[in-house]
Amino acid sequence: MKLVDFCHLAVMAIVGIPISLSDFRHHKIYNRDLLASLILFIPLLTTSVLTSHQVARFYRSLLYALIFFCAQYILVSIRGSALGMGDVKLLSLIAVTLSLSSLHQYQVWLFWIASIAGITALWDAVKWRTIGGRIAFAPSVFAGTLAYLATRI
């Protein structure tokens, strides 16, 4: 395992705990938490880009993250889905941090997130004996991201 990959795992775990707890308790992801995460992610991003010497790949991943954000924003605005704007911003922030630069990487990453979210929803349905209600999505995002990082290494 490279040091940069280990740092990705460590920072994701550190950042994920307070955001996940906040989302679990209040069903809200605060902008101050996302901004604090961004401040932690910036040194990780610059180190990762400088050590890999792939600046063009990083710019391509920024473009993909912007397209990903716009697509999520449009879907949330039009459909009024249960996915909130905090979730949209969190997913976009993590996409930039991971430097995902291909559709396949997005598919694998989102597969892990959807799998964890599905297991969480199933667990809640069994626990409360009903289908419906809201689940905290941030814990699923971070758990799916950690699973994606663990399988990528």
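Buried means under 20% relative accessible area, exposed over 50% and partly exposed in between, with a 1.4 Å probe and protein chains only. The model shown is predicted, so that local features need pLDDT of at least 70 and side-chain atom pairs count only at pLDDT 80 or more, while totals for chains, interfaces and linings use all residues. Residues are numbered from 1 along each chain as its sequence is written, and side-chain values use heavy atoms, with hydrogens and water left out.

View 1. Asp23 belongs to helix 1 (residues 3-26), where helices are DSSP runs of H or I with at least four residues, numbered from the N terminus. Because its relative accessibility is 4%, Asp23 counts as buried. A polar atom of the Asp23 side chain lies 2.8 Å from the backbone nitrogen of Ala138. Leaving aside residues up to four places away in sequence, Asp23 touches Lys28, Ile29, Asp87, Ala136, Phe137, Ala138 and Pro139; contact means heavy atoms within 4.5 Å.

**View 2. Packing of helix 3 against helix 4.** The axes of helix 3 (residues 55-79) and helix 4 come within 9 Å and cross at roughly 165°. Axes are lines fitted to C-alpha atoms, for helices over the stretch in contact, and angles run from 0 to 180 degrees between N-to-C directions. Helix 3 and helix 4 are therefore roughly antiparallel, given that angles under 35 degrees count as roughly parallel, over 145 as roughly antiparallel, 65 to 115 as roughly perpendicular and the rest as oblique. Their crossing is right-handed, meaning that the near helix is turned clockwise from the far one by less than a right angle. Helix 3 contributes Leu62, Ala65, Phe68, Phe69, Gln72, Tyr73 and Val76, which meet Met85, Asp87, Val88, Lys89, Leu91, Ser92, Ala95 and Val96 of helix 4. The contact of helix 3 with helix 4 divides into eleven nonpolar, two polar and two charged residues; Ala, Val, Leu, Ile, Met, Phe, Trp, Tyr, Cys and Pro count as nonpolar, Asp, Glu, Lys and Arg as charged, and the others, Gly among them, as polar.

**View 3. Packing of helix 4 against helix 5.** Helix 4 (residues 85-98) and helix 5 (residues 103-128) have axes that come within 12 Å and cross at roughly 135°. That angle makes helix 4 oblique to helix 5. Leu91, Ile94, Ala95 and Leu98 of helix 4 make the contact with Tyr106, Trp109 and Ile113 of helix 5. By class, this contact of helix 4 with helix 5 has seven nonpolar, no polar and no charged residues.

**View 4. Packing of helix 4 against helix 6.** Helix 4 packs with helix 6 (residues 138-152) at an angle of about 15°, their axes being 11 Å apart. The contact of helix 4 with helix 6 has nine nonpolar, one polar and two charged residues.

View 5. Most residues other than glycine have a negative phi. His27, in the loop between helix 1 and helix 2 (31-52), has a positive phi of about 55°. His27 is partly exposed, with a relative accessible area of 33%. Ser99, in the loop between helix 4 and helix 5, has a positive phi near 55°. Ser99 is buried, with a relative accessible area of 9%.

Definitions and conventions:
Helices (H or I, at least four residues) and strands (E, at least two) are DSSP runs, numbered from the N terminus. A polar contact is a pair of N or O atoms within 3.5 Å; within protein, one must be able to donate a hydrogen and the other to accept it, and residues adjacent in sequence count only if both atoms are side-chain atoms.
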